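Please read the points in order, with the model open beside them.

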Amino acid sequence: MAGALKFPDNFLWGTATSPTQVEGHVANEWTDYVAPDGGHCRVACNHYHRYAEDVDWMAELGVNAYRLGIEWSRLQAAPFAPLNRQELERYVDLLDRLKAAGITPMVVLHHFSNPLWITSAGGWLNPATVPAFVDYVTKLVTALKERVGLWNTFNEPDTYASLTYLLGGFPPFRKWRLLSYRKTIQHMAEAHVRVGEVIRRAGHGGRTPEIGIAKNWTFFGPFERHALWDHLLAAISHHAFNGYVLDAFLGGPRRAASTFLGVNYYGLARFKNFEPMVPAGGACRKRLARLGVVCDDMFERHPGGLGIILKNFHRRYGLPLYITEHGAASSDEDFRIRDLTEHLHELHGAVKGGVDVRGFFYWSLLDNFEWQFGYSKKFGLLAVDFTDEKLPRKMTRVGEFYRGICRAGAAVAPQKSSVAIR
Ligand code: NOJ
């Protein structure tokens with residue numbers, strides 16, 4: 001491959017999804033939610049009935065890893081109840097199919113959803129959720145320890161807690177409840193440590209399992225240099241969403257609970273007179289374009305930031321890293337290909353510079369239910385036609401491009417002219 005940026009031979013080239021976003025037929029706090037575009041998660045991509053076909057698609061894409069969630073609400077009907085055998089068998093079958101296709105699973109234990117009996121008892125504000133989660137994970141890990149060696153306990157605890165209790169984006173849509181935000185983070189961090197012990201004790205067929213969270217990393221900054229108030233807001237956001245959360249999960253003796261750190265990286269949010277200049281924060285795309293903000297349908301792009309944060313995490317924690325998510329939401333496929341190229345270039349630079357990064361999971365395998373935004377954000381390597389009730393999947397050009405990377409174990413150097421992304 002011309003201009004090839006070779007990665008280590010055992011590097012994981014993967015893709016990712018989460019149960020509420022793709023499976024359909026879930027009964028959790030998202031089931032009754034209807035997004036402004038009319039979208040809901042009740043059928044989603046129907047991955048629940050179509051996972052076998054989706055594994056074939058993954059084989060076609062040439063990925064050697066898949067980051068998938070297991071949905072707690074399917075498996076336990078009440079606190080401390082035995083796991084539902086039939087639902088467990090379905091996940092076992094999925095894991096066996098992945099193995100047959102040579103695809104390593106990374107299992108996410110909590111990805112923005114809870115059983116309704118947890119929600120009605122106060123969710124993660126209730127300290128009783130911690131032992132209930134530990135019980136669930138103990139049973140799950142006992143059942144799956146031979147098949148799974150990579151465990152991602154919590155996905156983006158910062159996003160979950162902030163959208164639930166600060167920004168009103170996730171059920172129960174509360175705003176400005178700082179104490180609830182902090183309590184949620186603390187309970188999740190405690191649960192991470194406790195389930196980490198459970199996973200370690202269970203082992204993985206004679207090998208040591210890997211345990212870590214996926215931390216969303218957003219850079220915050222002011223849009224204009226002189227705007228001291230926006231500097232301040234950026235500093236507060238950085239502390240609340242990055243510093244505080246990392247400290248809760250990885251500070252002091254808690255660092256020993258993790259064997260890796262997952263990084264979900266999408267980019268940058270700059271403030272202009274307290275307003276976040278990103279589509280995910282409600283800013284108008286046309287206005288952003290006029291202001292020269294290069295973004296996908298969610299965040300401002302900042303590929304250079306990926307190298308910075310990887311080096312920083314490597315120095316600070318000395319843990320192996322995975323890019324547990326990166327992708328771009330756009331119907332402009334050239335933009336997404338360029339975006340991927342720029343980010344993999346940064347990733348390659350970090351690996352070459354000695355940062356121990358072990359894998360990259362493209363978000364996402366399929367176009368899917370993007371939480372409060374419904375189906376309007378197109379992240380898929382495979383496009384899904386949601387207007388057709390058969391929900392046909394179709395390879396995108398981004399998917400084809402990523403297939404080339406997975407097959408070669410190498411990315412391509414960005415062309416000099418493709419500097420549209422800062
Ligand atoms: C992070 C979340 O883990 C995932 O659920 C979401 O769809 C992507 N970011 C894109 O926003």
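This is a predicted model: local features need pLDDT of at least 70, side-chain atom pairs count only at pLDDT 80 or more; totals for chains, interfaces and linings use all residues.

1. Residues are numbered from 1 along each chain as its sequence is written.

2. Names of elements follow DSSP runs numbered from the N terminus, a helix being H or I over at least four residues and a strand being E over at least two. Two strands are said to pair if DSSP finds at least two bridges between them. Strand β4 (residues 104-110) runs parallel to β5 and is joined to it by 4 bridges, with Met 106 having Leu 150 of β5 as its bridge partner. On to β6: β5 and β6 are also parallel and joined by 4 bridges, and here Trp 151 has Ile 211 of β6 as its partner.

3. Strand β5 is largely enclosed by the rest of the structure, because 6 of its 6 residues are buried. A residue is called buried if 20 or more other C-beta atoms lie within 10 Å of its own, exposed if 12 or fewer do, and partly exposed in between, with C-beta atoms placed from the backbone.

4. Strand β7 (residues 261-272) has 11 of its 12 residues buried, so it too is largely enclosed by the rest of the structure.

5. In which direction, parallel or antiparallel, does β8 run against β7? Strand β8 (residues 275-276) runs antiparallel to β7, and 2 bridges join them; Lys 272 has Glu 275 of β8 as its bridge partner. The two strands form a hairpin with 2 residues between them, and Asn 273 in the turn has a positive phi of about 50 degrees.

6. Helix α7 (residues 157-165) is mostly covered, since 9 of its 9 residues are buried. What covers these buried residues includes β5 (150-155), α8, β6 (210-222) and α9.

7. Two packed helices are described by the angle between their axes and the distance between the axes. The axes are lines fitted to C-alpha atoms, for helices over the stretch in contact, and the angles run from 0 to 180 degrees between N-to-C directions. The axes of α7 and α8 come within 9 Å and cross at roughly 150 degrees, and the two helices are therefore roughly antiparallel. For these descriptions, angles under 35 degrees count as roughly parallel, over 145 as roughly antiparallel, 65 to 115 as roughly perpendicular and the rest as oblique. Pro 157, Ala 161, Ser 162, Thr 164 and Tyr 165 of α7 meet Ser 180, Tyr 181, Thr 184, Ile 185 and Met 188 of α8, where contact means C-beta atoms, placed from the backbone, lying within 7 Å. By class, the residues of this contact are 6 nonpolar, 4 polar and no charged; Ala, Val, Leu, Ile, Met, Phe, Trp, Tyr, Cys and Pro count as nonpolar, Asp, Glu, Lys and Arg as charged, and the others, Gly among them, as polar.

8. Helix α8 (residues 178-202) also packs against helix α9 (residues 228-250), at an angle of about 30 degrees and with the axes 8 Å apart, so α8 and α9 are roughly parallel. Their contact is made by Ile 185, Gln 186, Ala 189 and His 192 of α8 together with Tyr 244, Val 245, Ala 248 and Phe 249 of α9. These residues divide into 6 nonpolar, 2 polar and no charged.

9. Helices α12 (residues 333-352) and α13 (residues 397-408) pack at an angle of about 25 degrees, with their axes 9 Å apart, which makes them roughly parallel. Glu 333, Arg 336, Ile 337 and Leu 340 of α12 meet Arg 397, Val 398, Phe 401 and Tyr 402 of α13, a contact with 5 nonpolar, no polar and 3 charged residues.

10. Leaving aside neighbours within four places in sequence, Glu 23 is in contact with Ala 44, His 47, Tyr 48 and Glu 71.

Terms used:
Two residues are in contact if their C-beta atoms, placed from the backbone, lie within 7 Å.
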